[in-house]
Amino acid sequence: MLSLENLQKTYPPTGDGETPPPALVDLSLEIAQGEFFTLLGPSGCGKSTTLQCIAGLEHPTSGRIIMDGRTVFCSDANIAVPPNRRGLGMVFQSYAIWPHLTVFENVAFPLRYGPGGTARGDVRARVLAALARVGLQDFADRPAPYLSGGQQQRVALARSLVNEPSIILLDEPLSNLDAKLRDSMRVELRDLVKSLGITTIYVTHDQTEALSMSDRIALLNKGRLVQLGTPDEIYKRP
Ligand code: ADP
Ligand code: ADP
């Protein structure tokens, strides 16, 4: 289980010295093991900030984050576990795959440079297994830029899965794909993470996408939680 407790986030003042409005206001959420959980809301409502705080790439100004019983962030206790020790996979829009590396090396990256150290034979087996999960086992030796957009997103997904995370964070991973491919990849993505039993936190501003994929949806506005429920519950409310 993933718990966010009373997260508050205010970014530092901008160049003109003005303190911006808070990006997150007293946000609390409990996300169950294996749940496909979506953060939905308009641009600027705090979706990415929430994800970055879970990832450890940003820290809340105050609050607590607990993953599977382990406190990974607590402002009061000065706890801030670094991103690579939180057992997460991530696919962010800005987290492009590396063009100078092959598909294999892109996926192997977290194993080679992450914590723990993975023996060479294990790296190979795990990378090929992750590529097989996304249907790219025959593409291992290709330079990454020679793949289509959809294939590149599959590489990013394989890379996020290679460490066998218990939680993956997906920030609008399909937004750069054309509409038809996006529809098919929605299904593929949801089936994949569900079959692996991974808790998924999915960020989108697309209501249709959220309603079609999610177990539960949190609707944010101006950093506040305004609705929380299953797609049915969210859809029925005004
Ligand atoms: P969303 O992902 O829903 O579009 P964000 O979490 O990116 O929303 O942004 C929430 C608010 O925080 C916005 O007002 C945005 O301008 C601000 N913000 C986001 N990232 C930063 C940053 N790195 N520095 C300063 N302000 C930021
Ligand atoms: P092959 O490159 O094995 O002869 P194709 O030309 O049918 O086979 O391409 C298969 C896949 O390779 C395509 O789906 C595409 O994503 C990717 N691809 C596209 N352009 C190139 C390229 N210049 N070099 C290598 N692979 C490419």
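In the predicted model described here, a nitrogen atom of ligand 1 is placed 3.4 Å from an N or O atom in the side chain of Tyr11, a polar contact being a pair of N or O atoms within 3.5 Å.

Residues are numbered from 1 along each chain as its sequence is written, while chains are lettered from A and ligands numbered from 1 in the order in which they are written. As the model is predicted, local features need pLDDT of at least 70 and side-chain atom pairs count only at pLDDT 80 or more, whereas totals for chains, interfaces and linings use all residues; side-chain values use heavy atoms, with hydrogens and water left out.

Ligand 2 is surrounded by Phe139, Arg142, Tyr146, Ser148 and Gln151. An oxygen atom of ligand 2 is found 2.5 Å from an N or O atom in the side chain of Arg142, and an oxygen atom of ligand 2 is 2.7 Å from an N or O atom in the side chain of Gln151, while a backbone N or O atom of Tyr146 lies 3.0 Å from a nitrogen atom of ligand 2. The protein covers 33% of the 540 Å² of accessible area that ligand 2 has on its own.

Six strands (DSSP runs of E, at least two residues) form an open sheet of mixed pairing in the order β7-β8-β9-β3-β10-β11, where pairing requires at least two bridges between strands. Strands β7 (88-92) and β11 (224-229) stand at the edges with a single partner strand each, so one side of each is left without a neighbour in the sheet. Within the sheet, β8 (residues 167-171) and β9 (residues 199-204) pair in the parallel sense over five bridges, and the bridge partner of Ile167 in β9 is Thr199. Helix α4 (residues 149-161; helices are DSSP runs of H or I, at least four residues) packs on the sheet and touches β7 and β8, contact meaning heavy atoms within 4.5 Å.

Notes:
Axes fitted to C-alpha atoms, helices over the stretch in contact; angles between N-to-C directions. Polar contact = N/O pair within 3.5 Å; in protein donor to acceptor, adjacent residues only side chain to side chain. Near = heavy atom within 4 Å. Areas by Shrake-Rupley, 256 points an atom, 1.4 Å probe, with all protein chains shown as cover.
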